[in-house]
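User: I'd like to learn how to read a structure model, feature by feature. Could you walk me through this one?

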Amino acid sequence: MTSAPGSPDPARSAQILDDLQDAVQRMHVLTKSPRVVLAAGTRYEGARPMAWQVLFERSLGPGHPAVVYRGGSATTLPRVLMDGFDSEPTLAPDWAVSRLGDAMRAGPVVQVFRADRLPDDVSRALVGVLVFEEDGLTLAGVRALTQELGLA
């Protein structure tokens with residue numbers, strides 16, 4: 001059965017709702033500023049990247065600024081949390097991307113920056129970090145790190 005032109009496909013709608021539900025169940029907000037969210041499991045299981053992007057951006061509240069994403073390895077997490085970024089921004093188009101899915105390809109630590117503060121004000125641009133449980137990153141470990149740094 002197909003849907004009428006202009007109406008949503010029921011199978012697609014069901015898949016979107018399943019993705020959002022999966023992401024909600026796996027999402028652990030550890031700190032609010034910057035917002036550190038741990039996603040139980042890996043980047044490749046469960047919800048698709050768009051569901052994570054929608055949930056993360058909605059968690060920033062109404063009227064949040066436009067954001068860009070930058071993926072990194074697990075080893076970048078301490079520096080990101082201490083310094084607010086893992087490397088200085090550049091004007092190169094691939095330093096940060098507008099789609100979370102593109103950033104997720106670079107690693108399990110995804111930095112979320114206010115687009116209007118880059119590249120000049122990187123020290124105040126970080127609004128959050130989305131961390132997936134990969135490469136030794138766990139909920140207990142990330143929680144301990146945020147507490148040690150006084151972010152919790």
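User: Is Asp86 buried or exposed?

Analyst: Start with the cut-offs: buried means under 20% relative accessible area, exposed over 50%, and partly exposed in between, using a 1.4 Å probe and protein chains only. Asp86 has a relative accessible area of 12%, so Asp86 is buried. Before we go on, please note that this is a predicted model, where local features need pLDDT of at least 70, side-chain atom pairs count only at pLDDT 80 or more, and totals for chains, interfaces and linings use all residues. Residues are numbered from 1 along each chain as its sequence is written, and side-chain values use heavy atoms, with hydrogens and water left out.

User: Which side chains make polar contacts with Asp86?

Analyst: A polar contact is a pair of N or O atoms within 3.5 Å; within protein, one must be able to donate a hydrogen and the other to accept it, and residues adjacent in sequence count only if both atoms are side-chain atoms. The side chain of Asp86 has such a contact of 2.8 Å with that of Arg70, and another of 3.1 Å with that of Gln111. Asp86 itself is in the loop between α3 and α4 (100-104). Helices (H or I, at least four residues) and strands (E, at least two) are DSSP runs, numbered from the N terminus.

User: How do I read a pair of aromatic rings?

Analyst: A pair is described by the distance of the ring centres and the angle of the planes. Rings of Phe, Tyr and Trp (its six-membered ring) pair if their centres lie within 6.5 Å; planes under 30 degrees apart count as stacked, over 60 as edge-to-face and the rest as tilted. This structure holds two aromatic pairs. In one, the rings of Trp52 and Phe132 have centres 5.6 Å apart and planes at 85°, so the pair is edge-to-face. Trp52 belongs to helix α2 and Phe132 to strand β5, so the pair ties together parts 80 residues apart in sequence. Both Trp52 and Phe132 are buried.

User: And what about Trp95 and Phe113?

Analyst: Their ring centres are 5.3 Å apart with planes at 40°, so this pair is tilted. Trp95 sits in the loop between α3 and α4 and Phe113 in strand β4, so the pair ties together parts 18 residues apart in sequence. Trp95 is buried at 8% relative accessible area, and Phe113 is buried at 0%.

User: Which residues of helix α5 are buried?

Analyst: First the general idea: an α-helix has 3.6 residues a turn, so residues three or four places apart point the same way. In α5 (residues 139-148), the buried ones are Val142, Leu145 and Thr146. Seen down the axis of α5, they fall within an arc of 95° (taken from the directions from the helix axis to the C-beta atoms), so they line one face of the helix. The face turned away from that buried side carries the exposed residues Ala140 and Glu148.
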